[in-house]
Each structure stands twice: as C-alpha cells, then as structure tokens.
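Please keep the sequence and the coordinates in view while reading.

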Amino acid sequence: MNKTRKYNKKRNNKTKRKGGNGSNPYANMDTKTLDDVLPILERKKNSMVSSLLESPKSVKSLFKFYITEDNPSIQKFVFTNKKSKELSTIGSKGSVHTHTLTDGNKLVFKISYEKLKFIIKMIKNKKYNRYASKILDCYTPLPVDFIIGTSEFINETIIGFFLDYFISTSNIIQTTSYVKQYDAFIINKKSCNVMELADKGDLSDFSKKFPEFLVNNTLNETVVIHIFIQLFSLLHFLQTNFNYTHNDLKADNIFVSSQPFSGMYQNTTLPSSPFTVKLADYGKNAFTINGVKYFTIHTGAKGFVSKVYSNMHKTN
C-alpha cells in the first residue's frame, strides 16, 4: 500500500500542469490578433504576481508552475513560422525575434541560454541597514526581511511582471514609459521573455529616427526635457515605493516608440509628446515588496542610487 501511494505521488508530480491554469495562447498563432492573446497572458501574469505576493518563499515552485516549458505550439511558431524573424543577437548565445500577428501587431521574443538558479536567504536588518545608510540622502529605503536572488531570466520575468502590475494598478502614476513584459517560457532549454515592440529602436538612434527634432544637428532642448521627465517620473515612483534600482541603465536599454505619450505623476499632468521612451531590460534590476528583495545573482543585493532622481523630481 505504501509503495502504491509513493508511486502515485511521483506520477502526480511529473504530470503537474505547467504554465498555470488556463488556455494556451500560442495555439494557432497564425489566426490570432493581439486582442486574442493579451487577455490570456494578462490573467496568467496577474495570477502569478498575486501568488508571489502571498507566498514569496514558494517562488521556485510558483515559477515552475506558471512558466510554460517545452510546449510544441511555442516551438512551432517561434522558430519555424515564416512570420517570425530574427532581429538581432545577444552576445554569442542569445537572439531577439519578432512574430507578426494577423492584425499587424508584433510580439518580441528575447531568447537566451541560461541555467535557472534560485537563492532564498533570510537576512538581518542590521546588515542591510549598513548598506541602506549610504543612500539615505536620496530616499528612505524599505525594510528587507529576506532576499530572493535568481538568474537573469527569472529576475527579468518576475520584475517585469511586477512593474506592469504595480504601475497599471497605481493611482499615483499613469505612464507607458516601460516595455511591457507579456509572458515567459522555456523551450529546448532556451529561456524566452515575451514583450511589446518599441518600433523606433533604442535611445542611441533617437536623432536618426526623429530628424525633425534636430536643430543644428542637436536635439531640441524641449525634446530632451520630455525624455528625462518620462524616464525619471517612472524611476522616482519605482525607487521610492519599491527600492527599485535598474543596475544597467544606458541608452541601449531605453527604447523609443512612435506611440504618443501622455501621463500623470503625483496629481501632476506630464507633458505630452509625439513619442514615448521606454525603460527596458529588467534582468539586473532589484525590486523590494513586502520586505522581500528580488535581484539577480550576478549583481548581488546592492544597487546604485543616483541623486539625479530626486533632483529631477524637483525640477519644474
């Protein structure tokens, strides 16, 4: 009898559904629009966020439950479908692909090879406060009870989900100045983050994509101010509410969309503009919520906090 129970327990663990409970958004992708796919992905993403907030110490089992692995329909449309194209490579092992849906919208797939790693560790606030005291002149850090360090793919997935969840549900800020992460999956030991497309490339190409904003080969001052306001209103919100640090902030990790920008922060309407700059690449980010600090193992629990954030926030 005991042997039978042990056998059934092992069999149930092996057949446990991965990717969360819900329909497969990647089946028959040739016939789907963005409106067909997003509601399914949003439900899955919000369910994963709610589960993490409730049981952060179960992050390993929750991640494996919600993140789809080795789904045949994903293999088919990402790597063999004619509507999927490779945009660029990431180092020697990764690549970025796009998939065009039937309505013309595109999904971006950031694919890399990475072993999944989890470190969950309780810490003493005294130890963390020694680090926190160095940044008190910028803002008051949140208390941290324990830390969750993971590989970049896991960290980017979790923090990408957190950003969209807390920004979209906030009454303090209304902004689209970040690249939305829709989903993540694993296929043939390759990890993949699914996100929205910023159609004008990264910030280093801004003057080439928007030549109308150049004055004597220099960007118009008002345009530069709009770029900073869009970025720093978002960063100030994330930093003061979630101890957020990006840890890899550069022009290559800030993207630009032709989508017009409108937003609000702390009951102040932000200047509108005919473009939107979007924060991206959450792999090295750090994020604290409910006493739990999430970060990537490669950068540790530290993070650089600049006084520029608070100074920009004070600028009229």
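Helices (H or I, at least four residues) and strands (E, at least two) are DSSP runs, numbered from the N terminus. On that basis, the chain has nine helices and 17 strands. The model is predicted: local features need a pLDDT of at least 70, side-chain atom pairs count only at pLDDT 80 or more, and totals for chains, interfaces and linings use all residues. Residues are numbered from 1 along each chain as its sequence is written, and side-chain values use heavy atoms, with hydrogens and water left out.

Confidence is expressed by pLDDT, the predictor's confidence in each residue, from 0 to 100. The chain averages 81, and 76% of the residues score at least 70. The highest mean, 98, belongs to β7, whereas helix α9 (residues 307–314) has the lowest, 39. Across the chain, 71% of the contacts with a separation of 6 or more join residues 24 or more positions apart.

Of the 316 residues, 48% are buried; here buried means under 20% relative accessible area, exposed over 50%, and partly exposed in between (1.4 Å probe, protein chains only). One example lies in the loop between α5 (125–132) and β6 (146–150), where Pro141 is found. Pro141 is buried, with a relative accessible area of 14%. Its C-alpha atom is separated by 8.7 Å from that of Asn241, 100 residues apart along the chain.

Strand pairing is considered next; two strands pair if DSSP finds at least two bridges between them. An open sheet of three strands has the order β7-β13-β14, with antiparallel pairing. Because β7 (173–174) and β14 (268–273) stand at the edges with a single partner strand each, one side of each is left without a neighbour in the sheet. β7 pairs with β13 (residues 261–265) over two bridges, and Ile173 has Tyr265 as its bridge partner in β13. Helix α8 (residues 221–242) packs on this sheet, touching β7, β13 and β14, and its direction makes about 140 degrees with that of β14. Such angles run from 0 to 180 degrees between N-to-C directions, the axes being lines fitted to C-alpha atoms, for helices over the stretch in contact.

Strand β17 (residues 292–296) has five of its five residues buried, so it is largely enclosed by the rest of the structure. Val292, Tyr294 and Thr296 point one way from β17, and Lys293 and Phe295 the other way. β17 runs parallel to β6, joined by five bridges, and is antiparallel to β16 (residues 287–289), with three bridges. Tyr294 stands opposite Ile148 and also opposite Phe287. β16 and β17 form a hairpin with two residues between them, and Asn290 in the turn has a positive phi of about 55 degrees.

A nonpolar core is a set of buried Ala, Val, Leu, Ile, Met, Phe, Trp, Tyr and Cys residues joined through side-chain atoms within 4.5 Å. The largest has 46 residues, and those with the most contacts inside it are Ile158, Phe162, Tyr244 and Phe287. Helix α6 (residues 152–168) supplies the largest share, nine residues. Apart from this core lies another, of 16 residues, among them Leu101, Leu107, Tyr182 and Phe185.

Methods:
Contact means heavy atoms within 4.5 Å.
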